[in-house]
Structures are given as structure tokens and as C-alpha cells.
Amino acid sequence: MSRISPVLLLFLFFFSKNTFSQSVPIILTERERAMAVDDILEDRIENLLPTLMRREGIDMWVIISREYNEDPVMKTMLPSTWLSARRRTVMVFFDPGAGKPLDKLAIARYDVGTLLKGEWDISSNPDQWDALAKVIKEKNPKKIALNFSKNYGHADGLTYNEHEEFLQKLPKDFHSKIVSAEKLAVGWLETRTEKEMVIYPMIARISHEIIEEAFSEKVIQPGITTIDDVVWFLRQRVTDLGLETWFHPTIDIQRADDQKFDHLRTFSKRPGNQVILPGDLLHCDFGITYLRLNTDQQQHAYILKPNETEVPDYLKKAFSTGNRLQDILVSQFKSGKTGNQILLDALAQAEKEGINGSIYTHPIGSHGHAAGPTIGLWDQQKGVKGPGDYPLYENTAYSIELNAAVKIDEWKKTIRIMLEEDGYFDKTGFRFINGRQKEIFVIPRLLGNVGK
């Protein structure tokens, strides 16, 4: 079992003092964040990486990047004080076998963090490529994995020029050993460690609390506030907390009018000047980046009419349909099943239960739209070739993203309950990382009303 660092214990202590209803989460200082990031990274490289390399049968992984054009994998391996690669950064991981620790080298004149030893003696090898070739010849690996991939941009970080220069310097008899590092890179990116899962619930909770604050009368004044006002509150709140977001949030409205649901309109072409009114069903799509982990969440709120004290029953029933679709989907999570198999089995069960559902779930972690098994896209509900054929592994995280179309007679239209919550899959099964929304928020929140 990995030892939990003092910084992570401090992180947990802060949150143990913070109830979910509080609107100002405790955020670590920059120095504390750096300590946590480096502690987690060291654990991943020392304990996770050897397991993944042996699983994929790769004894050498070479990652090459130039400054400001970083390989997505390399970005996740840089120490906290490295905000980018330096000139050309080359990392080499070699498994000598027999259960020995990995050789962790940087073909550079200096060490990369505390783990990668600088292996470029410029006096004997003035050319960096020659220094890399020398290391490869000395190690004589069976396979040389490089980051090129058809299915995942995350694993396709080796640029054309770097690839060409590498081949020119690599002895010809080693060329046949070159293989794609796709599965190794995806495994590195998708696997969450014990230390990461200590802090991930807290990160998801911060994101939930920001949504809860946005969906309150502190931010929304019906008849005055527009959806763009709420969007920019979310952006500003993230900035004020010293956090980042990996995508621009969205807020949209469904109401008793003649507008039909359109996916593109909801997420990219909605009119930002729409004023929020009583009787509106609001929906948000929001996520943050903190300690190199990401969240992605979609939740709903209802604006009470003057004569109402709670969400109408027909909307409660529609929302429960969305929750049921979540249950159906996560019940299909089994090790070894592909994303496409999970998608089709879940949709088949939903159809049996009379649910008109659409599923577009994706891995999450080091990236928002992360590497791993794609479980549907909103415009590809029969399967996704390539990423959808990738199998489900344990110790991986997902944004359970989907919608249920429900006919509302009172509105004379069909609405979509669009939900997204972050979850985790391991040997014990699936769980939501910080719970999920089971009731629609109400605005204003009258005494006794509970929106979560």
C-alpha cells in the first residue's frame, strides 16, 4: 500500500472541516500543490509504470518533445516546477527485467526532477541524438515504443520532424524494433493510483460546490440574470479560487415553449442573452482542473414560479429517468468489455425499460476528454470504431455522460435530462467519485427544500 504523504493528509484535513454546503472550499497553496503533484508523480513512475510496461510487453519507452509543443504524455510526467519541456526533452524508460527497477533516464545535461537522471555527456556526444542512440545501443531493448497512434491524440505526441531525425540517427538494425506505444500511453494516462483516489473525491466535491453556488439566488435573479451571466460567474469563480477549467462552461434553458431540443444549440449555439425566468429548467456543463486531475459534471436546477414550493412532479419523474439510465450504464461496467459492448448493452437494456436514452461517456483524469474506452458519442450511438474497441481496465475513471428524452405533457414537448458525473471503476465495481445529483436544485431555495 502506498504511503499517504503529509500534504495529502493536510488536504483531507481541510476538507474534513468543510461541509458540503459551504461555498468557499479550501484550496492548497502553490507550494503545497507542487509537493502533492510531485509525490503522486513519483509514486506513479516508481510503482505504476513498471506494471504497465510489463503488461504491454514493452521494455523501452522513448518520449521526445520540444519546448512548447509538448507530447501529451510527457506533460503528465514533468515535475511540478517544469511548466514545459526544455529545448528538446527526451525521456527513456527501460525495463532490465528480472523484477529490477526501471532505468529512468533523461537525454539531457541535467536531471528531470528527482527521478530521471541526466544522461547526456556533451563532451563525448555533442549531438543529443547521438547520445540517445548510444543509450539505446547499450540497453539493446527488444522493443522501442514511440508515441504514435491512430486512435488517440493523447498517444500521438511524437511530431513528424522528431520522428524523422530520430530514425536518421538510430542504427538501421534497431528500426525493426520500433512499435507504437499506444496501449502503454493510454494505460499510463487512464490508470488512477491509490494516492490519486485519495484526493479525487475532494476535487469533484469542489466542482460540485461551485455548481451549487452558481445554481443559487446568490447568482441568479429571475427576470434579470442571463445564462451568460451564470457562465461567466463560473469562469470567474474558478479563477478567484486559483483553479483552472479545461473547457468553457455552458448553461442552457428548457421551458414550456415551442423550442425543440438540439444538441448543437445546447452546447455551442445557444443564445447567451437568454433571461432566466420562473418555470425554467436550467442545465449546466462544467469542470475544473486541479492537481493535474479534471472533473466534468452536468446538473439541473429549476426556477420556482410564485405559487410553487417545489419542483413539479413531472420534472421529478423525468429526472429519475435520467438517474435510472445512469444506473443501467454503470451496471454494464465489467473488466475486459469494450466501450462499444458497454454502450450497446446499456442501450438495449434502456430500450427494454422504455427509456429513450443517448450515451456519450468518456474517460477522465489527466485530461478532461481522456484516453481509454470511448462509450458512445452523441452522434455515434451504434459504436465508435477505434477508441470504442478499447477494453475496460480496473482503476480507471469516467465521466458518466448521457441524456434521457422524456415527453412532458404539461409542456407539450419532449425534454432532455442531461446528466454527467465522474465515477471510478476498480475490482469492487463502479462508484461515483463524489456522489451524483438525485434531485433538481430549486431557485430560490425555500426553507426545507433540498436540491442535492
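## How to read the model

Residues are numbered from 1 along each chain as its sequence is written.

A contact means heavy atoms within 4.5 Å. Where pLDDT is low, the predicted coordinates should not be read in detail.

## The chain as a whole

The chain has 11 helices and 17 strands. These are DSSP runs numbered from the N terminus: helices are H or I with at least four residues, and strands are E with at least two. Of the chain's 452 residues, 57% count as buried. Buried means under 20% relative accessible area, exposed means over 50%, and partly exposed lies in between, using a 1.4 Å probe and protein chains only.

Among contacts with a separation of 6 or more, 70% join residues 24 or more positions apart.

In soluble globular proteins, nonpolar side chains tend to be buried together. A nonpolar core here is a set of buried Ala, Val, Leu, Ile, Met, Phe, Trp, Tyr and Cys residues joined through side-chain atoms within 4.5 Å. The largest one has 44 residues, with F215 and I220 making the most contacts inside it. Elements giving two or more residues to this core include α2, α7, β8 and β17, and α7 provides the largest share, 10 residues.

Which residues does I220 touch? Leaving aside residues up to four places away in sequence, its contacts are A214, F215, T225, V230, I276, L282, I303 and I443. Another core, of 36 residues, lies apart from the largest one and has V311, A318, L392 and A404 among its members.

## Helices that bend

Helix α7 is mostly covered, with 19 of its 21 residues buried. From first C-alpha to last it reaches 31 Å, close to the 30 Å expected at 1.5 Å a residue; the expected span is 1.5 Å times one less than the number of residues. α7 bends by about 30° at Y200, and the proline P201 follows within four residues. The bend is the angle between axes fitted to the seven residues ending at a residue and the seven starting there.

Helix α2, with 26 residues, reaches 35 Å, close to the expected 38 Å. α2 bends by about 40° at L48, and a proline, P50, follows within four residues. After α2 comes G57, whose phi is positive, near 70°.

## A helix with a buried side

In α11, the buried residues are G339, N340, I342, L343, A346, L347 and A350. Why do they lie on the same side of α11? They cover an arc of only 160° around the axis, where the arc is that of the directions from the helix axis to the C-beta atoms. These buried residues pack against α10 and β12. G354 follows α11 and has a positive phi, near 75°.

Key
This is a predicted model: local features need pLDDT of at least 70, side-chain atom pairs count only at pLDDT 80 or more; totals for chains, interfaces and linings use all residues. Side-chain values use heavy atoms; hydrogens and water are left out.
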